[in-house]
Amino acid sequence: MRFQQWQIHERDSVSSTQREVRDLLSDVTTTQVALVAAEQRDGHGRQGREWVSPIGGLWCSLAVRTQLPVDPFHTLLLALAARDAVAECVAAPPQRLRLKWPNDLVTGAPAERKWGGILAEVHPLSAAESWVIFGLGVNLDLPLARLPQTGPEHLPATSIRVEFGSSPSPQEALLAILSRFDEFRRLDQQASPDSTATGRRHTLALAEAALSTLGRAVTWRDATHVRRRGNAVGLATNGGLIVESQDGTRQELRAGDIQHLRPADEA
């Protein structure tokens with residue numbers, strides 16, 4: 001199946017869409033490949049965490065052939081595309097759905113619930129090109145009884161059906177997300193009409209507005225694995241999170257887990 005510039009492969013059941021799509025890449029002639037499965041038997045998120053993937057959710061991997069160096073900001077663009085596309089499918093204000101840096105799709109504040117997530121992997125082809133594979137999992141038409149009690153990052157799991165009383169089908173959601181992802185990447189590469197700002201500045205502003213992380217007190221682990229505490233104050237142009245420690249120093253986090261602190265935890 002083809003949709004715009006995407007070659008889409010559909011499966012009933014796979015162990016992992018990430019593994020399945022990797023096996024396809026040596027034979028494809030396009031630069032954008034999507035593999036979607038009705039269910040995953042062995043789905044995983046970041047750091048190998050289990051991702052429960054029953055029938056009723058969107059379980060897919062999107063492979064994009066790109067020039068090196070890989071732009072990590074595109075993971076946030078896909079998250080933003082998923083947020084906006086799903087919100088439009090259920091006719092909900094996008095603000096009801098948020099992004100938790102670096103790759104979680106959440107709703108609710110300050111007690112957030114997780115309804116999706118993204119895993120990005122890079123597979124070099126040559127000194128100049130690589131495939132970037134984005135694993136995307138979205139809890140769509142799933143009742144509360146079929147969700148794990150706790151999500152992979154200790155956030156309560158939820159679904160679009162639970163939150164809104166209705167849900168798009170996995171195929172409807174996938175096509176809407178692919179369309180938005182292409183749109184955001186085109187926008188990201190364009191200059192603004194007055195030529196004073198790049199497309200990245202515009203898409204960065206969109207991502208910042210969707211992030212529930214910014215303006216929050218957070219904790220993270222530094223290079224020595226010591227847990228630090230501070231405030232999330234902005235995004236770098238590569239999608240890194242800028243945090244300000246309690247002593248006023250700032251640094252950029254490019255990967256890793258962070259935890260949002262609730263007001264009662266900040267004292």
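Author: Let's start with a word we will need: two residues are in contact when they have heavy atoms within 4.5 Å. This is a predicted model, where local features need pLDDT of at least 70 and side-chain atom pairs count only at pLDDT 80 or more, while totals for chains, interfaces and linings use all residues. Residues are numbered from 1 along each chain as its sequence is written, and side-chain values use heavy atoms, leaving out hydrogens and water.

Reader: Thanks! Which residues of α4 meet α5?

Author: Helices (H or I, at least four residues) and strands (E, at least two) are DSSP runs, numbered from the N terminus. Here Phe 184, Leu 187 and Asp 188 in α4 meet Gly 199, Arg 200, His 202, Thr 203 and Leu 206 in α5. These contact residues comprise three nonpolar, three polar and two charged ones. For that sorting, Ala, Val, Leu, Ile, Met, Phe, Trp, Tyr, Cys and Pro are nonpolar, Asp, Glu, Lys and Arg are charged, and the others, Gly among them, are polar.

Reader: At what angle do α4 and α5 pack?

Author: Axes are lines fitted to C-alpha atoms, for helices over the stretch in contact, and angles run from 0 to 180 degrees between N-to-C directions. For α4 and helix α5 (residues 199–210) the angle is about 135°, and their axes are 6 Å apart. That makes α4 oblique to α5, since angles under 35 degrees are roughly parallel, over 145 roughly antiparallel, 65 to 115 roughly perpendicular and the rest oblique.

Reader: How many salt bridges are there?

Author: Side chains of opposite charge can pair when their charged atoms come close. The rule asks for a side-chain nitrogen of Lys or Arg within 4 Å of a carboxyl oxygen of Asp or Glu, and the count comes to 18 salt bridges. Take Glu 88 and Arg 180, whose closest N and O atoms are 2.9 Å apart. Glu 88 lies in helix α2 (residues 73–89) and Arg 180 in helix α4 (residues 170–189), so this pair ties together parts 92 residues apart in sequence.

Reader: Is Arg 180 buried or exposed?

Author: Buried means under 20% relative accessible area, exposed over 50%, and partly exposed in between (1.4 Å probe, protein chains only). Arg 180 is buried at 19%, whereas Glu 88 is exposed at 54%.

Reader: Which residues are linked with Glu 88 and Arg 180 in a network of salt bridges?

Author: Arg 83, Asp 84 and Glu 183 belong to that network with them. Elsewhere, Glu 252 and Arg 254 form a salt bridge at 3.3 Å, N to O; Glu 252 is partly exposed at 31%, and Arg 254 is exposed at 67%.
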